[in-house]
Amino acid sequence: MKNKWIWLCWSLWLAPVWAADMLQVVTEDYAPYNYLEEDEIKGLGTEVVEAMLEEAGLEYGLDIYPWARAISLARSRPNVLIYSISRFPEREAQFQWIGVIARINFHVFALAKRDDIKPFSQLSHARAWSIGTVRNDALEQYLIGLNFSNLQRNNSNEANMLKLLMGRIDLWPVSQEAANYYVRQAGYEPGTLKIVHDIEDFTGGELYVAASLKTAPEVIKRLQEALATIRQNGIYDGIVKRYR
């Protein structure tokens, strides 16, 4: 097994110095796909990416940041991988896309006790309420692109969840899996929330691992082949089953 080290950094603009032949792998706290637990980065997406890197035989460091910092690094530095990232036209030319690491579906949640917020069929109806988003993530960019102006921008989905529970926001767009995880972490049951809208036309329901544009083509090819291998040999399916 190649040497691997994890350097955890929550400082917004501090970044380590990296060896030229080492990949910097970045993500955000977005459970259950990637999250910090007892000084270790865990999650479905994390396990898939680590298995891919081990199969490829590449050395790497794994960092967890606020999403705005993670995506800034992946856009500006060479030899950076980012996961779990949604793929849509505005991002297509900003990264080299390695492959899908997980399936995901997004919904708009409200507190179950909010009888004044009824399920709605059109996303535009959400303009009547305050919406918590993660700064610079795909869902926020999607809503900004639709000219939503009623957004409260935060650094994490944990912050969104806490604000929802405290009544400081009305709606929280996020995946079912992430909503369940963060609500349980706060000591509540998933039934505390209700889905008021399914966001069906957003990303196609897939999360990717991608690389910065200045990452060498031979590294991209090696990673794509490694991801295909762990799908073929059952490693990928074994990881996914543990999170169902």
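The chain carries 26 positive and 30 negative side chains, and the centres of these two sets lie 3 Å apart. The structure is a predicted model, and its secondary structure comes to seven helices and 13 strands. With a radius of gyration of 18 Å, close to the 18 Å that the globule rule gives for 244 residues, the chain is as compact as a globular protein of that length.

**The chain as a whole**

- Along its principal axes, the C-alpha trace of the chain spans about 55 × 35 × 30 Å.
- Of the 244 residues, 53% count as buried, while the chain exposes about 11,500 Å², of which carbon and sulfur atoms supply 49%.
- When contacts between residues at least 6 apart in sequence are considered, 73% of them join residues at least 24 apart.

- Helix α1 covers residues 44–56, and at 1.5 Å a residue its 13 residues should span 18 Å, which agrees with the 19 Å between its end C-alpha atoms.
- Because 10 of the 13 residues of α1 are buried, this helix is largely enclosed by the rest of the structure; among the buried residues are Leu44, Val48, Glu50, Met52 and Ala56.
- Just after α1 comes Gly57, which takes a positive phi of about 70 degrees.
- Helix α2, made of residues 67–76, has seven of its 10 residues buried, so it too is largely enclosed by the rest of the structure.
- The buried residues of α2 are Trp67, Ala68, Arg69, Ala70, Ile71, Leu73 and Ala74, and they pack against the strands β2 (23–27), β6 (80–86) and β9 (131–134).

**Two residues in their surroundings**

- Asn157 belongs to helix α4, which runs over residues 157–165, and with a relative accessible area of 2% it is buried, because that value falls under the 20% cut-off.
- Leaving aside neighbours within four places in sequence, Asn157 is in contact with Tyr30, Val134, Trp172, Pro173, Val174 and Tyr182.
- Ala186 is found in the loop between α5 (176–185) and β12 (193–199), where a relative accessible area of 32% makes it partly exposed.
- Apart from neighbours within four places in sequence, Ala186 is in contact with Met161 and Leu165.
- Ala186 and Ile144 are 42 residues apart in sequence, and from C-alpha to C-alpha they are 29 Å apart in space.

**Backbone features to look at**

- As background to the items that follow, most residues other than glycine have a negative phi, and most peptide bonds are trans.
- The peptide bond from Ala31 to Pro32 is cis, with omega near 5 degrees, and Pro32 is found in the loop between β2 and β3 (35–37).
- A cis peptide bond also leads from Tyr83 to Ser84, with omega near -20 degrees, and in this case Ser84 has its place in strand β6.
- Glu38 lies in the loop between β3 and β4 (40–42), where its phi is near 50 degrees, a positive value in a residue other than glycine, and at 73% relative accessibility Glu38 counts as exposed.
- Asp39 is placed in the loop between β3 and β4; although it is not a glycine, Asp39 has a positive phi of about 65 degrees, and its relative accessibility of 64% means that it counts as exposed.

Terms used: Residues are numbered from 1 along each chain as its sequence is written. This is a predicted model: local features need pLDDT of at least 70, side-chain atom pairs count only at pLDDT 80 or more; totals for chains, interfaces and linings use all residues. Side-chain values use heavy atoms; hydrogens and water are left out. Helices (H or I, at least four residues) and strands (E, at least two) are DSSP runs, numbered from the N terminus. Buried means under 20% relative accessible area, exposed over 50%, partly exposed in between (1.4 Å probe, protein chains only). Contact means heavy atoms within 4.5 Å. The radius of gyration is taken over C-alpha atoms; the globule rule is 2.2 Å times the number of residues to the power 0.38. Accessible areas come from the Shrake-Rupley method with a 1.4 Å probe; for residues, only the protein chains shown count as cover. Lys and Arg count as positive and Asp and Glu as negative; His and the chain ends are not counted. The place of a charge is taken as NZ of Lys, CZ of Arg, CG of Asp or CD of Glu. The expected span of a helix is 1.5 Å times one less than its number of residues.
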